Amino acid sequence: MSPAQPALPPDANRERILYAADHRFRAYGYGKTTMVEIAADAGMSAANLYRFFENKRDIGAGLALRCFADKETVLGQVVERTDLAASAKLEEFLLALLRYTHGQCHDQPRINELVEDVAMHRPDIVERKCRGEQQLIAAILMEGNRSGEFDITDVTVTAQTVLNASLLFSMPLFMQAYPLARFEAMARETAHLLIRGLARRD
């Protein structure tokens with residue numbers, strides 16, 4: 001008799017489930033995937049799966065949180081760059097936002113099903129994502145104030161306004177509207193307009 005496999009820690013089991021769900025959602029779509037199929041792909045029983053996730057929507061939320069964390073890391077790398085002035089960082093931020101979203105949609109053409117479900121049923125996750133992006137934009141704006149590039153009275157409100165102006169570049173639903181090159185040109189045009197509006201006037 002072969003020895004029993006050691007139990008994986010809960011976090012490892014959750015990651016295995018998320019990995020299996022991610023691949024199945026990509027291949028078959030969120031709507032057509034069942035918990036039984038995810039469990040089979042993860043190499044466990046459906047009963048065991050429910051120990052870690054309440055339902056498929058809970059799994060979708062876990063994937064969304066992981067995706068948003070990855071995106072925040074990418075955007076944070078733009079904010080941390082020391083070779084760019086604040087105005088250039090703002091432009092690069094919009095481009096990075098666009099490229100990440102476009103890349104996700106290119107790699108996961110069925111992602112809109114999951115995005116729509118999370119947006120409808122887990123507004124708390126969407127709010128957390130927006131809050132994180134707003135804070136990163138605020139960091140760029142504060143740097144611009146310190147350097148004299150920008151003259152912003154209320155950084156928090158302005159960061160929210162910049163985030164609102166960038167929604168076109170962060171929504172998967174829009175990513176089929178234009179080729180990436182056209183989107184990049186639009187992102188640059190938007191950034192330049194914002195920078196002119198934020199610029200310090202002596």
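1. A search of the whole structure finds zero disulfides, a disulfide being a pair of cysteine sulfur atoms within 2.5 Å. The model is predicted: local features need pLDDT of at least 70, side-chain atom pairs count only at pLDDT 80 or more, and totals for chains, interfaces and linings use all residues. Residues are numbered from 1 along each chain as its sequence is written, and side-chain values use heavy atoms, with hydrogens and water left out.

2. Cys-67 is buried at 17% relative accessibility, and Cys-105 is buried at a relative accessible area of 6% (buried: under 20% relative accessible area; exposed: over 50%; partly exposed: in between; 1.4 Å probe, protein chains only).

3. Two aromatic pairs are present (rings of Phe, Tyr and Trp, the last by its six-membered ring, with centres within 6.5 Å; planes under 30 degrees apart are stacked, over 60 edge-to-face, the rest tilted). Phe-25 and Tyr-30 have ring centres 5.1 Å apart and planes at 70°, so this pair is edge-to-face. Both Phe-25 and Tyr-30 are buried.

4. Tyr-178 and Phe-183 also form an edge-to-face aromatic pair, with 5.3 Å from centre to centre and 85° between the planes. Tyr-178 is partly exposed at 37% relative accessibility, whereas Phe-183 is buried at 0%.

5. Lys-56 lies over the face of Tyr-30, 4.7 Å from the ring centre (criterion: NZ of Lys or CZ of Arg within 6 Å of the ring centre and within 35 degrees of the ring normal). Lys-129 lies over the face of Phe-68, at 5.9 Å from the ring centre.
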